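Here is a short briefing on one structure.

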Amino acid sequence: MPDMLWLLLMCLGLGVVVGLLAGLLGIGGGLLIVPALVWMLPQTGIEPGLVMHIALATSLACIVLTSGSSARSHLRLGNVDVSLVRLLAPGMVLGGIAGSAVAEWVPADWLPRIFAGIVLLLALQMLLSLKVTGRHPIPGRVAIAGSGSVIGLVASLAGIGGGSLIVPYLSWYGVEMRRSIGTAAFCGSIIAIAGMAGFIVAGSGDDSLPPYSLGYVYLPALIGVACTSVLTTRYGARMVSHLPTPTLKKIFAIFLLFVGGKMLF
């Protein structure tokens, strides 16, 4: 019980930061939640072989709430392109479910390396300001659904909402940055729901999971992060117009390089 209380308090603080980042940068927060849980969970006695699966599943469960709250704020501000959400959603659902299946199949000691590789690539994109801009026409339904599937697969496998992938993808087709961020938050919640459902099914019936688990989703950590992150996403969304977002992204990218390098090696 003391370990669980410590974890809950740590996750409450984590949720504050995650919520602000979700609203401000259009990400679900998984890039921060997963490494934080990978560090915290072993200290509560959870078996090392289960840590990465639990971290990914719990991160996606947190993103369901965090991105959902962020998406609602962006929707009210008119930053969500509903037509693009409808085109991307079917593929993202399939990709999110596939990501959880692949994570179950991949050896446990490879999951941190896969996550680290994805994080390092995203961090380099943020740090180098590799902005993809253009006025290319939106592809057909099949092509955009295929793109959504790939984004959903990668996002679910890394326990993230996919905002860091969706924003440059939409920018390539000339979608304005605020609408890209708002649409990414909305799509991130869709990916997270699909991925979370897959991890819940995959972990069902595993007797080695700790108490208070729903499949691979660890409820004490979920409650801690969700309680504060849902409250702070609205403030992050409002800060988009007032803070130097590119500078903040570069600072966050440097942090991700450190986290990714540590998990990789």
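Arginine 179 is partly exposed, at 30% relative accessibility; buried means under 20% relative accessible area, exposed over 50%, and partly exposed in between (1.4 Å probe, protein chains only). This is a predicted model, where local features need pLDDT of at least 70, side-chain atom pairs count only at pLDDT 80 or more, and totals for chains, interfaces and linings use all residues. Residues are numbered from 1 along each chain as its sequence is written, and side-chain values use heavy atoms, with hydrogens and water left out.

**Salt bridge**

- The whole structure holds 1 salt bridge, defined as a side-chain nitrogen of Lys or Arg within 4 Å of a carboxyl oxygen of Asp or Glu.
- Arginine 179 pairs with aspartate 81, and their closest N and O atoms are 3.7 Å apart.
- Arginine 179 sits in helix 8 (residues 177-203), while aspartate 81 sits in the loop between helix 3 (48-76) and helix 4 (82-105), so the pair ties together parts that are 98 residues apart in sequence.
- Helices are DSSP runs (H or I, at least four residues), numbered from the N terminus.
- Aspartate 81 is buried, at 16% relative accessibility.
- Side chains of opposite charge can pair when their charged atoms come close.

**Cysteines**

- The disulfide count is 0, with a disulfide taken as a pair of cysteine sulfur atoms within 2.5 Å.
- Cysteine 187 is in no disulfide; its nearest cysteine sulfur belongs to cysteine 62, 20 Å away.
- Cysteine 187 is buried, at 0% relative accessibility.
- Cysteine 227 has its closest cysteine sulfur in cysteine 62 as well, at 10 Å, which is too far for a bond.
- Cysteine 227 is partly exposed, with a relative accessible area of 43%.

**Nonpolar core**

- The largest nonpolar core has 77 residues; Leu31, Leu37, Leu41, Ile54 and Ile166 touch the most other members.
- Helix 3 gives the largest share of this core, 12 residues.
- A nonpolar core is a set of buried Ala, Val, Leu, Ile, Met, Phe, Trp, Tyr and Cys residues joined through side-chain atoms within 4.5 Å.
- Isoleucine 166 touches Met92, Ile151, Gly161, Ala184, Cys187, Gly188 and Ile191, leaving out residues up to four places away in sequence; contact means heavy atoms within 4.5 Å.

**Serine 229**

- Serine 229 belongs to helix 9 (residues 219-238).
- Serine 229 is buried, with a relative accessible area of 0%.
- Beyond residues up to four places away in sequence, serine 229 touches Gly15, Val16, Val18, Gly19 and Thr66.

How values were computed: Helices (H or I, at least four residues) and strands (E, at least two) are DSSP runs, numbered from the N terminus.
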